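Me: I would like to go through this model in short questions. Keep each reply brisk.

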Amino acid sequence: MRLLVQPDVEQRFWDKVQKLECGCWLWKGVKTKYGIGRFKYRGKLRSAHRFAYEVFYEAIPDDVWIVRRPECKTPGCCNPEHLMLGDRSIAMGNGCQRGTVNPPDNASIINTQEHKISRKFTPEQVKEIRLLLSQDVSVIYLTWRYQVDAHTIYRVKNNEHYKDV
Ligand SMILES: [Zn+2]
């Protein structure tokens, strides 16, 4: 489900976005030293691109990474179409150039993320995950439910793991 915000909040967001010809949404507001936009919402500074993703697509748990698609060349780009769910390994694989890696707002979660990646499912869980996916349950929900990263769920989904289940 999308993050529902009041119109004035959304307007405040748009006031800080400049749409470029390449399709990127440049953030004109405050940025971190890595070029990641910051947007204050409910008294808390959040990453602008995460806020955009949640408003336009769906709300995401704090420990899910949002990374820029490889074809997007604008650090801190806030166009949800240029963003995708990821995890730390995808973020690192994308290259560590500034502004590409967009860690969760809650940085302390990174260690848990590493722990999560190594997690193994029981055959029952694999069947359950596949069943839920076939019923259009979102990957985001599953990452929360099983406390794993999105990559792990995609692997189950794409039969890269647990082929024998
Ligand atoms: Zn972009």
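**Burial, core and helix packing**

Reply: Start with tryptophan 27, which sits in strand S2. Note that the model is predicted.

Me: Is tryptophan 27 buried or exposed?

Reply: Count the C-beta atoms around tryptophan 27: there are 25 neighbours inside 10 Å. The cut-off for burial is 20 or more. Tryptophan 27 therefore counts as buried.

Me: Which residues is tryptophan 27 in contact with, leaving aside its neighbours within four places in sequence?

Reply: Take the chain separation into account. Cysteine 77 is 50 residues away from tryptophan 27 along the chain, yet their C-alpha atoms are separated by 6.7 Å. With the neighbours within four places set aside, the contacts of tryptophan 27 are Lys16, Val17, Gly37, Ala48, Gly76 and Cys78.

Me: Which element gives the largest share of the largest nonpolar core?

Reply: That core has 26 residues, and Ala48, Ile66, Cys78 and Ile153 touch the most other members. Two or more residues come from each of strand S2 (25-27), helix H2 (48-56), strand S5 (65-68), strand S6 (83-86) and H7. In soluble globular proteins, nonpolar side chains tend to be buried together. The largest share here, four residues, is from H2.

Me: How are H6 and H7 oriented to each other?

Reply: Helix H6 (residues 139-146) and helix H7 (residues 150-157) pack with axes 9 Å apart, at an angle of about 110°. The band for this class is 65 to 115 degrees. So H6 is, relative to H7, roughly perpendicular.

Me: What is the handedness of the crossing where H6 passes H7, and which residues meet there?

Reply: The crossing of H6 past H7 is right-handed. The residues of this contact divide into five nonpolar, one polar and no charged. From H6 come Val139, Leu142 and Thr143; they meet, in H7, Ala150, Ile153 and Tyr154.

Me: How many charged residues are in the contact of H5 with H7?

Reply: The axes of helix H5 (residues 123-134) and H7 come within 10 Å and cross at roughly 85°. That is why H5 and H7 are roughly perpendicular to each other. H5 brings Val126, Ile129, Arg130 and Leu133, and H7 brings Ile153, Val156 and Lys157. The division is five nonpolar, no polar and, for charged residues, two.

Me: What is phi of arginine 42?

Reply: Arginine 42 lies in the loop between strand S3 (38-41) and strand S4 (44-47). Arginine 42 is exposed, because 7 other C-beta atoms lie within 10 Å. Its phi is positive, in a residue other than glycine, with a value near 55°.

Me: What pattern does the protein follow along the sequence?

Reply: The protein has seven helices and six strands. Of its 165 residues, 29% count as buried. Read along the sequence, the pattern is α-β-β-β-β-α-β-β-α-α-α-α-α.

Technical notes:
Residues are numbered from 1 along each chain as its sequence is written. This is a predicted model: local features need pLDDT of at least 70, side-chain atom pairs count only at pLDDT 80 or more; totals for chains, interfaces and linings use all residues. Axes are lines fitted to C-alpha atoms, for helices over the stretch in contact, and angles run from 0 to 180 degrees between N-to-C directions. Angles under 35 degrees count as roughly parallel, over 145 as roughly antiparallel, 65 to 115 as roughly perpendicular and the rest as oblique. A crossing is left-handed if the near helix is turned anticlockwise from the far one by less than a right angle, and right-handed if clockwise. Two residues are in contact if their C-beta atoms, placed from the backbone, lie within 7 Å. Ala, Val, Leu, Ile, Met, Phe, Trp, Tyr, Cys and Pro count as nonpolar, Asp, Glu, Lys and Arg as charged, and the others, Gly among them, as polar. A nonpolar core is a set of buried Ala, Val, Leu, Ile, Met, Phe, Trp, Tyr and Cys residues joined through C-beta atoms within 7 Å. A residue is buried if 20 or more other C-beta atoms lie within 10 Å of its own, exposed if 12 or fewer, and partly exposed in between; C-beta atoms are placed from the backbone.
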